[in-house]
Amino acid sequence: MTSIRILYVDDNNEHRDLVADALVQFDERFDVILERGASGAIDRLAADDEVIHCLISEYELPDQTGLELLATVREEFPQLPFILFTGVGSEALASEAISMGVTEYLPKRYEETQHERLGNRILDAVSQSRIEQDRDRVYEALEAATQGISILDANGRYRYVNDAFADLYNCTPEEILGEHWTGLYPEPEVTRFQQEVRPRLDETDMWMGRCRGMTVDGTIFPERASVTQLDTGGYVCVVRPVTELDGNEPTLEQQNEQLDRFVSVVSHDLRNPLNVAIGRTELLQNEYDSEHLTEAQQALDRMAELIDDLLTLARNGQRVDDISPASLAANAKTSWQHICSDDSTLVIDTDLVIRADRCRLQQLFENLLQNAIDHGGDGVTITVGSCEDGFYVADDGPSIPEDRREKIFEAGYSTHMNGTGIGLSIVADIATAHGWKLKATESAAGGARFEITGVEIVDR
């Protein structure tokens, strides 16, 4: 876990400073920001230049109560951990705070261990919040996929299906969840799976081919499916319908290659992080101060990275349709929060606002920033700045050899040991979808520089 920025709201100056000093001594990652009242706290939360990871508040404040502040925070920042740390303790207050969605209710006891207890509650709350945010990102990525995706348990029952998967079978996800997969396939296909597909899965963990699915009203249709077996015994299934044009392979060559890349990476890279995440997060529910927490966080980060990359890749060739003004600085800062790096530095040297799909712009920044960290070495400094007709992301690490500056954008090409070879390919796809031009060159510091030009700049 990197730096943890804490906003502490309390109008008792002496006690506020004492708690802040104690928290910094408890964990050097804590960065404590102090405010006297609720209005100052709301202003801090709304500021673009600061990201608050946890809010601590006294109940009695000069302008509002802590519960009134909690109500505002839950409306504007529903996922932000909120700890009510108060000397006004009562069962009624605790009950009301819990019903309003407080993360933790902690009475002040003025004893030696109170700051240690508070520090541990902060670590637990922030860790849980980050895990939940990563889960949300994973499911958002799955829901955005155009292919039907499902996850089955070891007994063959559906534990997750996206809307695209349910649509294929003319039903809703709720109608499928908990049901056995055999209910969506005619009997001959069930027999074929037992005789042909399962032995292949036991041998290679993956199968891909054509079969016949069945809608809930009994209509049978052809489909192309890929099945990956997980170490838990469950399965990840990716399905799309077969159209008449599918018999003419050259007309669908790009789509098929894209699906193949998706299945290949899922089969080799998704299984282990997924299993670790499931096991470790279960442990988290039983204990707060857990040695498994860091491993669970890393696994979820890895899983989110892979699924985001793969499902963004699945959108290749689609033009963006959700264009709006987007601040380069704000999107770069948000992307930086999703990057795990203790010794790297981000410098933002632009105030440009451009027209772009914000979600894809953030994905572009995340991939370029992660690429700079992966290849730039320890202590790399990354700069996001303006250039003629666009913007750039540059670093002071090693430069990219000239003979590789076009090849690095090809899917599957990677020089990094743990790379999927998809990140920069996605950057190129996002640029193309916007009608932008992308070029790799050398930065002023001798490192790598990626220039994105042809963008539409918003006049201010």
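This is a predicted model: local features need pLDDT of at least 70, side-chain atom pairs count only at pLDDT 80 or more; totals for chains, interfaces and linings use all residues.
Let me start where two helices meet: Arg 360, Gln 363, Leu 364, Asn 367, Leu 368 and Asn 371 in α12 are in contact with Gly 423, Leu 424, Ile 426, Val 427, Ile 430, Ala 433 and His 434 in α13, where contact means heavy atoms within 4.5 Å. Sorted by type, the residues of this contact of α12 with α13 comprise seven nonpolar, five polar and one charged; here Ala, Val, Leu, Ile, Met, Phe, Trp, Tyr, Cys and Pro count as nonpolar, Asp, Glu, Lys and Arg as charged, and the others, Gly among them, as polar.

Residues are numbered from 1 along each chain as its sequence is written, and side-chain values use heavy atoms, with hydrogens and water left out.

Back to the pair, then. Helix α12 covers residues 358–376 and helix α13 residues 423–434, and their axes come within 9 Å and cross at roughly 145 degrees; the axes are lines fitted to C-alpha atoms, for helices over the stretch in contact, with angles running from 0 to 180 degrees between N-to-C directions. The crossing in which α12 passes α13 is left-handed, which is to say that the near helix is turned anticlockwise from the far one by less than a right angle, clockwise being right-handed.

Also in helix α12 is Glu 366. Is Glu 366 buried or exposed? Glu 366 has a relative accessible area of 11% and is therefore buried, given that buried means under 20% relative accessible area, exposed over 50% and partly exposed in between, with a 1.4 Å probe and protein chains only. Leaving aside residues up to four places away in sequence, Glu 366 touches Arg 137, Ser 335, His 338 and Ile 339.

In the loop between α12 and β14 (381–387) we find Gly 379, which is partly exposed at a relative accessible area of 35%. Gly 379 lies 8.6 Å from Asp 342, C-alpha to C-alpha, although the two are 37 residues apart in sequence.

Now to helix α3, residues 66–76, whose buried residues are Gly 66, Leu 67, Leu 69, Leu 70, Val 73 and Arg 74. Seen down the axis of α3, these buried residues fall within an arc of 150 degrees, so they line one face of the helix; the arc is that of the directions from the helix axis to the C-beta atoms. Turned away from that buried side is a face of α3 that carries the exposed residues Glu 75 and Glu 76. And what covers the buried residues of α3? The cover includes β1 (4–9), α2 (38–46), β3 (54–57), β4 (82–86) and α4 (91–99).

Several loop residues deserve a look as well. Arg 405, in the loop between β15 and α13, counts as buried at 16% relative accessibility, and touches Ile 400, Ala 440, Thr 441 and Glu 442, again not counting residues up to four places away in sequence. Leu 230, in the loop between β9 (220–229) and β10 (235–241), is buried at 6% relative accessibility, and its C-alpha atom is 8.7 Å from that of Ala 154, 76 residues apart along the chain.

Two residues other than glycine have a positive phi: Asn 170, at about 60 degrees, sits in the loop between α6 (163–168) and α7 (173–176), and Asp 389, near 70 degrees, sits in the loop between β14 and β15 (390–395). Asp 389 is partly exposed, with a relative accessible area of 42%.

Finally, the whole chain. The protein has 13 helices and 17 strands, taken as DSSP runs numbered from the N terminus, helices being H or I of at least four residues and strands E of at least two. Of its 460 residues, 51% count as buried, and of the contacts with a separation of 6 or more, 64% are between residues 24 or more positions apart. The accessible surface comes to about 22,400 Å², and 45% of that belongs to carbon and sulfur atoms, the areas coming from the Shrake-Rupley method with a 1.4 Å probe, where for residues only the protein chains shown count as cover.
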